[in-house]
Amino acid sequence: MDCLFCKIIKKEIPSYKIYEDDVVIAFLDIHPRSNGHTLIIPKKHFDDFTKLDSEVLLHINMVAKNIVTLLEERLHATGFCINTNYLDTQEIKHYHLHIVPSSKDKLKDVEEIYNILK
């Protein structure tokens, strides 16, 4: 399988990882829509949310709550858009949850945001 996200999980491709546990990894999007735009992906490959088991889906959402709190505290985000991929709508066919913070701050370099969050 030639999945970009699986390669990130295996550390074959670098990422701006802000969270990791046995089930998921969360990292900053390298083409962010806003400061702190984060992706949460399961370490096991699932094409989309219809393939996820309930435990993994619940875990991803619990991690999302923690990431939202981190982004509120460190980046002073004022709101969030949270969405997922669906098989035909995303280029990368590995389930992922986008957390896109709202902010009036000018878009900063991903590495600068990473240094604030780590």
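This report describes the nonpolar cores, a helix pair and several individual residues of a predicted model.

## Basis of the description

Because the model is predicted, local features need pLDDT of at least 70 and side-chain atom pairs count only at pLDDT 80 or more, whereas totals for chains, interfaces and linings use all residues. Residues are numbered from 1 along each chain as its sequence is written, and side-chain values use heavy atoms, with hydrogens and water left out.

## The nonpolar cores

The largest nonpolar core has 22 residues, and those with the most contacts inside it are I18, I40, I60, I67, I99 and L117. A nonpolar core is here a set of buried Ala, Val, Leu, Ile, Met, Phe, Trp, Tyr and Cys residues joined through side-chain atoms within 4.5 Å; buried means under 20% relative accessible area, exposed over 50% and partly exposed in between, with a 1.4 Å probe and protein chains only. Strand 2, helix 2, strand 5 (97–102) and helix 3 each supply at least two residues of this core, and its largest share, 9 residues, comes from helix 2. Helices (H or I, at least four residues) and strands (E, at least two) are DSSP runs, numbered from the N terminus. A second, separate core of 9 residues includes I8, I25, F27 and I41. In soluble globular proteins, nonpolar side chains tend to be buried together.

I67, placed in helix 2, counts as buried because its relative accessibility is 3%; leaving out residues up to four places away in sequence, I67 touches I18, Y19, A26, T38, I40 and I99. The C-alpha atoms of I67 and I40 are separated by 9.3 Å, although the two residues are 27 apart along the chain. With neighbours within four places in sequence set aside, the contacts of I99 include I40, A64, I67, V68, L71 and F80.

## Helix 2 against helix 3

The axes of helix 2 and helix 3 (residues 110–117) come within 10 Å and cross at roughly 100°, the axes being lines fitted to C-alpha atoms, for helices over the stretch in contact, with angles from 0 to 180 degrees between N-to-C directions. The two helices are therefore roughly perpendicular to each other, a term for angles of 65 to 115 degrees. In this pairing, L70, L71, R74 and L75 of helix 2 meet I113, I116 and L117 of helix 3.

L70 is buried, with a relative accessible area of 15%, and its contacts beyond four places in sequence are with I18, L75 and L117.

N35 is placed in the loop between strand 2 (24–28) and strand 3 and is buried, at a relative accessible area of 8%. Its side chain reaches the backbone oxygen of K106 at 3.0 Å, and a polar atom of that side chain lies 2.7 Å from the backbone nitrogen of K108. Apart from neighbours within four places in sequence, N35 is in contact with L75, P101, D105, K106, L107, K108 and I113.

K44 belongs to the loop between strand 3 (38–42) and helix 2 (54–75), and K44 counts as exposed because its relative accessibility is 56%. The C-alpha atoms of K44 and K106 are separated by 35 Å, and these residues are 62 apart along the chain.

Conventions
Angles under 35 degrees count as roughly parallel, over 145 as roughly antiparallel, 65 to 115 as roughly perpendicular and the rest as oblique. Contact means heavy atoms within 4.5 Å. A polar contact is a pair of N or O atoms within 3.5 Å; within protein, one must be able to donate a hydrogen and the other to accept it, and residues adjacent in sequence count only if both atoms are side-chain atoms.
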